[in-house]
Amino acid sequence: MIWRIGCLVLLLALTADAQAPGSFDSTKAWEHVRQQLAIGPRPSGSPGNVKTRQYILAQLNALGIKTSEQAFEGATPIGPIKMVNIIGTIPGKSPDRIILASHFDTKLFRDVRFVGASDGASSTGALIELGRVLKTRKDLPFTIELLFLDGEEAVIEWAGTDNTYGSRHYVEAARKSGSLKSIRALILLDMIGDRDLTIRRESNSTRWLTDIVWATARKLGHAQFMDEETTVEDDHIPFVKAGVPALDIIDLDYPHWHTPKDTIEAISARSIQIVGDVVVAALPQIEARLAKQ
Ligand SMILES: [Zn+2]
C-alpha cells in the first residue's frame, strides 16, 4: 500500500511538473509544426516562406515577445533571393545575449513536394515553444534571443557559399554594428523530430557547451544524446568562425533527410519534447558558466 501511495504521489508530481508554466510542452510545439506543414514547401523567397514568417511573427507577438526582421538579399547561384531572418528578444538583466536558433526555410525541390517536417519545422516549432517557456523565467541573467534563420538550405547543392545565407548575414551584420561581442553563446536546433532520435556530439561545436548539454541529457535519462561524435556543417559555423561559443543539436541520422518522406508521419512529439526539456534544463548552467567569464 505504501508503495502504491508512493507511486500515486510520484505520478501526481510528474503530472504537475508537466503542466507547470515553466516547462516545455511538445503539444504546443507540435501545433507549430503542423501549421508550418499546412503551409507546404517553404523555400527562401517563396510565398510559403513569407507565410511562415508571418506565422512565426504572429506567434511571438501573441506571447508578448518583441520581434524584429532582418531583411537581406541572398546571392545564390540562381540569382539574388530576398531573405529575412526573424529575431525575438526576451530581455534579461544583461543586454549580452544567448541566442537560440533554428532555420525555418525548407530545401528547394522542383520535382517533388518537400515539406521538411524534421528539417526545418521541428526545430522551428520547438523554438517558438522555448520562447513561451523562457518568457516565464523572471531570473534571466542574459537576454535570450530567438533567432529564426532564413536561407540555411542550399539552393542548388551544399558547397561554397550556397548555404547558411541567414546565419552568415546575421554574423556579418553583428560584426558591422559592433554587437558581435555581446553574443555570449549560440545554441542551434536542427532536425530534432526523428522518431528514432539520435543526437551525436558535433565536432565543430564548442566543447564546454556540448559537455553541459550532454551532461544535462544524461541526468534527465535521455540516452538519445549519444557520446559518439560526428561533424556537421550548419548555421552554427559562421558563429564558430566569429569566435562565438556555439553548439549544434542535430539528428542528421534520419532516413528521410531531403526526401518527400520527411513528413509528419516520420517525426514524433516525444523527440521534440526530449530536446526541449534538455535545452530548458541546460540553460541555467550555461548562464552560470557565462556569468563567471
Ligand atoms: Zn536540410
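Student: Which residue lies over the face of Tyr165, and at what distance from the ring centre?

Tutor: This is a predicted model. In it, Arg168 lies over the face of Tyr165, at 5.2 Å from the ring centre.

Student: What makes Phe109 and Phe114 an aromatic pair, and why is the pair called tilted?

Tutor: Their ring centres are 5.0 Å apart, and rings pair if the centres lie within 6.5 Å. The angle between the planes is 55°. Planes under 30 degrees apart would be stacked and those over 60 edge-to-face, so 55° leaves the pair tilted.

Student: What is the geometry of the pair formed by Tyr170 and Phe239?

Tutor: That pair is also tilted, with 5.7 Å centre to centre and 35° between the planes. Tyr170 belongs to helix α5 and Phe239 to helix α7 (residues 237–241), so the pair ties together parts that are 69 residues apart in sequence. Both Tyr170 and Phe239 are buried. In total, the structure holds 3 aromatic pairs.

Student: How do you know which protein atoms are donors of the zinc ion?

Tutor: The cut-off is 2.8 Å from the metal for N, O and S atoms. Asp119 (OD), Glu153 (OE), Glu153 (OE) and His258 (NE2) lie 1.8 to 2.7 Å from the zinc ion, so they qualify as its donors.

Student: Why is the site of the zinc ion called irregular?

Tutor: The angles among its 4 donor atoms run from 53 to 149°. A tetrahedral site requires all angles to lie between 85 and 135 degrees, so this range excludes that label. For a square planar site, opposite donors must be over 155 degrees apart; the angles reach 149°, and that label is therefore excluded as well. The site is irregular.

Student: Where along the chain do the donors lie?

Tutor: Their spacing is D-x33-E-x104-H. Asp119 in helix α4 (residues 117–135) and Glu153 in the loop between β4 (142–149) and α5 (165–177) are 34 residues apart, and the pair links distant parts of the chain. His258 is in the loop between β8 (246–250) and α8 (269–292), and has a positive phi of about 55° although it is not a glycine.

Student: Why are Asp119 and Glu153 called buried?

Tutor: The relative accessible area of Asp119 is 2%, and the relative accessibility of Glu153 is 5%. Buried means under 20%, so the term applies to both residues.

Student: What makes Ser94 count as buried?

Tutor: Its relative accessibility is 19%; the limit is under 20%, so Ser94 is buried. This residue is in strand β3 (residues 94–103) and touches Pro141, Phe142 and Thr143, leaving aside residues up to four places away in sequence. A polar atom of the Ser94 side chain lies 2.9 Å from the backbone nitrogen of Asp96, which is within the 3.5 Å set for a polar contact.

Notes:
Residues numbered from 1 in each chain as written. Predicted model: local features only at pLDDT ≥ 70, side-chain atom pairs only at ≥ 80, totals over all residues. Heavy atoms only, no water. Helix = DSSP H or I, 4+ residues; strand = E, 2+ residues; numbered from the N terminus. Buried < 20%, exposed > 50% of the residue type's maximum accessible area, 1.4 Å probe, protein only. Polar contact = N/O pair within 3.5 Å; in protein donor to acceptor, adjacent residues only side chain to side chain. Contact = heavy atoms within 4.5 Å. Donors = N, O, S within 2.8 Å, 3.2 Å for Na, K, Ca; no water. Tetrahedral: all angles 85-135°; square planar, octahedral: opposite > 155°, others 65-115°. Phe/Tyr/Trp six-rings, centres within 6.5 Å; stacked < 30°, edge-to-face > 60°. Lys NZ or Arg CZ within 6 Å of the ring centre and 35° of its normal.
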